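Hi everyone, thanks for having me. Please put the sequence and the structure up on the screen, and we'll walk through them together.

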Amino acid sequence: MPAPIARRTGRPLSFDRDAALVSAMHLFWRHGYEATSVADLTRAMGITPPSLYAAFGDKRRLFLEAVHRYLGGIEAVERSIADAPSAYDAARDLLVAAVLGDTGTDTPPGCLLASSLVTSSTEAEAVREALAAIRRSIEAALRARIERDIREGLLPSGSDAEMLAGHVFAVVQGMSTLAKDGAGRSKLMGIADAAMAAWPKAPDARPTHASP
């Protein structure tokens, strides 16, 4: 009986994978998915194309991993929405996180998800749909949290959960565009406050968070 063939183990990475991922994330964030080439990525990440493919698979998978890195994990975002004291808190936390992310001192302006694929070719359609699925998933989590508040009497029984969740995400998308156009943190925070001022309240309910 022949001896079993030993499996060859992969070569260990010779670079800091997370640091390389952050560099790629910033490049996608600044220039968008399609405008960022593999040559641009390897130059920014300080690695060779074979190392990129070995560590991340390909450009599309690298981009989607960068998106998950940017979000801190979709499951974590959904869990924070479900665990928020109220739908009001969950919505406001999303808006404040967007303001802070859009106006970071060490990151490009705007939102990675909102600005990476303003338009997309047929080749990038799978990436566009993946981003849309992420947004739909987070919006669905907020909608479910709103529906829970309606059932528990924290929001008026006639509140439209789909409209409220959609409004939050419309504001998030709009703030990203304003940030890329140069709007500062103070202006965007004012917009977030204005959006939450329109949040419906049960007759005896009060918002649990004050403006920062």
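From the N terminus on, the elements of this protein run α-α-α-α-α-α-α-α-α-α. That gives 10 helices and zero strands. Helices here are DSSP runs of H or I with at least four residues, strands are runs of E with at least two, and both are numbered from the N terminus.

Two notes on how to read this. This is a predicted model, in which local features need pLDDT of at least 70 and side-chain atom pairs count only at pLDDT 80 or more, while totals for chains, interfaces and linings use all residues. Residues are numbered from 1 along each chain as its sequence is written, and side-chain values use heavy atoms, with hydrogens and water left out.

How confident is the predictor? The mean pLDDT of the protein is 88, and 87% of its residues reach 70 or more; pLDDT is the predictor's confidence in each residue, from 0 to 100. Over residues 1-11, though, the pLDDT is below 50, and this stretch has zero contacts in the model beyond near neighbours in sequence. A contact means heavy atoms within 4.5 Å.

Now the whole protein. Of its 212 residues, 40% are buried. Buried means under 20% relative accessible area, exposed means over 50%, and partly exposed is in between, with a 1.4 Å probe and protein chains only. Looking at contacts between residues at least 6 apart in sequence, 71% join residues at least 24 apart.

Let's zoom in on helix α4, residues 59-71. Its 13 residues should span 18 Å at 1.5 Å a residue, and its end C-alpha atoms are 18 Å apart, which agrees. The expected span is 1.5 Å times one less than the number of residues. At the start of α4, a side-chain oxygen of D58 comes within 3.3 Å of the backbone nitrogen of R60. That is a polar contact: a pair of N or O atoms within 3.5 Å, where within protein one must be able to donate a hydrogen and the other to accept it, and residues adjacent in sequence count only if both atoms are side-chain atoms. After α4 comes G72, with a positive phi near 80°.

Which residues of α4 are buried? They are K59, L62, F63, L64, A66 and V67. Their cover includes α1, α2, α3, α7 and α8.

Is R145 buried or exposed? At 3% relative accessibility, R145 counts as buried. A polar atom of the R145 side chain lies 3.2 Å from the backbone oxygen of P85. Leaving aside neighbours within four places in sequence, R145 is in contact with several residues, including I81, A84, S86 and A90.

Last stop: helix α10, residues 185-197. Here L188, M189, A192, A195 and M196 are buried. Seen down the axis of α10, these buried residues fall within an arc of 115°, so they line one face of the helix; the arc is that of the directions from the helix axis to the C-beta atoms. That buried set packs against α6 and α9. On the other side of α10, S186, K187 and A197 are exposed.

In the segment after α10 we find A198. At 57% relative accessibility, A198 counts as exposed. Its C-alpha atom is separated by 9.8 Å from that of L164, 34 residues apart along the chain.
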